[in-house]
Amino acid sequence: MPSSDATIDLDRLAVRLDEIVREAGDIALRFFRDGAAERWTKGDDSPVTEADIAVDRFLAAELPPLVAGSGWLSEETADTPDRLACRRLWIVDPIDGTRAFVENKPEWVVSVALVEDGAPVAGVVRNPCEDASYAAIRGGGATLTTASGAVALEVPDAEGLGGLSISGPSSLVGPLKASGVETGKWHYALANRLVQVAGGKLDAALARPRAHDWDIAAAHLILEEAGARLIGFDGQVPFYNRETTRHGGLIAAAPRRAAALAAAVEEALAATAAAAT
């Protein structure tokens, strides 16, 4: 087996990663169609089902052997500090959008990323209900593959916020309407919301603070390889495999629009804070 410091053949990895994530999606889809998956509530009041656990176990068995010495971080696996010593880390959300899953809404996705030195280098976000896979490798571009075939994704850059279709919490989008933005379609799963920007179905997406690594790592790479950006409200690019898995508020958009949105969000938050004093 190659050393954990050996260069990864990302093109070769991408083929196997696509196969594994498709199979993981099929596992979840069987539970979804049956509609009888056992469900319960975690300590943070978020839902989880036996489908989440089944997909998590499958991915935990299949992914780490692909990259020697790689660590593991998943929403449905107890976190340990061991991962911090790993240069490469798998970051997984077996079912992002479990609430949509249990409500029988076909908007949930399987999200998988490989991170190297804190930055994603391979990622797939798959919606099994739509047979749609968004995927990217570092330096190799981003694609959307459906039953009709694969298409390369490219987000054109532009200036100005007027007429932008933005998906996000109303508490964030509402104050921006004075800048001319419009409310886009809401997507339960954050990973799914973000890749809609890469795919051109949204101009931008916002996320309130406290998203986890597994919510955003795969979509982050797909956005970047499509020519867009994922940045915090402070303009900084997310970094992964830290002690905390949490992130601040996030913006996904073409580069110039992302910068303009960051400024507009900062102004709106400042105005809200001033009004509360």
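Reader: What makes helix α6 "mostly covered"?
Author: Of its 13 residues, 12 are buried. Buried means under 20% relative accessible area, exposed means over 50%, and partly exposed lies in between (1.4 Å probe, protein chains only). Among the buried residues are W214, I216, H220 and E225. This is a predicted model: local features need pLDDT of at least 70, side-chain atom pairs count only at pLDDT 80 or more, and totals for chains, interfaces and linings use all residues. Residues are numbered from 1 along each chain as its sequence is written, and side-chain values use heavy atoms, with hydrogens and water left out.

Reader: How do you know what span to expect for α6?
Author: The expected span is 1.5 Å times one less than the number of residues. For α6 that gives 18 Å, and the helix reaches 18 Å from its first C-alpha to its last.

Reader: Where does α6 bend?
Author: At A219, by about 25°. The bend is the angle between axes fitted to the seven residues ending there and the seven starting there.

Reader: What about α5: how many of its residues are buried?
Author: Nine of nine, across residues 190–198. R193 and Q196 are among them.

Reader: What makes β3 an edge strand?
Author: β3 (71–74) pairs on one side only, and so does β9 (149–152). Two strands pair if DSSP finds at least two bridges between them. β3 and β4 are joined by four bridges, so they pair. These two strands run parallel. W72 stands opposite W90 in β4.

Reader: What makes α1 a helix that packs on the sheet?
Author: Contact means heavy atoms within 4.5 Å. α1 (residues 10–34) touches β4, β5, β6, β7 and β8. Its direction makes about 35° with that of β6. Axes are lines fitted to C-alpha atoms, for helices over the stretch in contact, and angles run from 0 to 180 degrees between N-to-C directions.
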